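Please read the numbered points alongside the structure.

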Amino acid sequence: AISGKALAGENPSIPAYFGQLFLVILLILSVPASAMLYYRLSLMDRYVVHSFLTPFSLCLFSFVGIFIIADITDNGALFGGMGLFGVFRFYIIQMPFVILFVMPIAVLLSALSALSKLSKSNELISMISAGRSVFRVLAPIFAIGIYTSLISLAFKYEWAPVSVGVKTAMEKAAADKLESDANPEESSDEL
């Protein structure tokens, strides 16, 4: 993994490799650690987390869907030579880049939605009057924001560049196949 050239042709460095490895290990280990932390939270913290995660999942899936629909309209001509499985594979491979692109927007909108819901039903005021500070009430949202930042960092340096490279290669292969299908006499002359 360290020898040779990287995807973009640059020479890989040892500290960058170990930093990248650390981010991937942190991402993998964070799932059970976050589940353990969730079950150790108090009832108020779980309520704040739940009020954040519901609009977050809705925003994330909605923005990913909008991105895919917009990309289908842009690359619709290329999909003629791919087939249904090829199109499905094309978008599955592209998911790390899409998630990296839409996650900050989803976090912001879901935090605003959760806080406005808590404020509108006077739950935020009730939590503060129960003796919790504003920072303590918002601590689960800050923790989720830091966690999604770490996920974005791992995606940015590990999976998103690979997905963009594979996407470009698949688009080029599909364009070449469409061009060869459109001009069959030129491809038979080359043989």
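1. Angles under 35 degrees count as roughly parallel, over 145 as roughly antiparallel, 65 to 115 as roughly perpendicular and the rest as oblique. Axes are lines fitted to C-alpha atoms, for helices over the stretch in contact, and angles run from 0 to 180 degrees between N-to-C directions. Helices (H or I, at least four residues) are DSSP runs, numbered from the N terminus.

2. This is a predicted model, in which local features need pLDDT of at least 70 and side-chain atom pairs count only at pLDDT 80 or more, while totals for chains, interfaces and linings use all residues. Residues are numbered from 1 along each chain as its sequence is written, and side-chain values use heavy atoms, without hydrogens and water.

3. Helix 1 packs against helix 5 at an angle of about 140°, the axes being 9 Å apart. The two helices, helix 1 and helix 5, are therefore oblique to each other. Residues of helix 1 in this contact (heavy atoms within 4.5 Å) include Leu23 and Leu27, and those of helix 5 include Ile151 and Trp159.

4. Helix 2 and helix 3 cross at roughly 140°, and their axes come within 6 Å. Helix 2 and helix 3 are therefore also oblique to each other.

5. The largest nonpolar core has 36 residues, and Phe52, Phe56, Val64 and Met82 have the most contacts inside it. Such a core is a set of buried (under 20% relative accessible area, 1.4 Å probe, protein chains only) Ala, Val, Leu, Ile, Met, Phe, Trp, Tyr and Cys residues joined through side-chain atoms within 4.5 Å.

6. Beyond its neighbours within four places in sequence, Phe52 is in contact with residues including Val107, Ala111 and Ile144.

Key:
Buried < 20%, exposed > 50% of the residue type's maximum accessible area, 1.4 Å probe, protein only.
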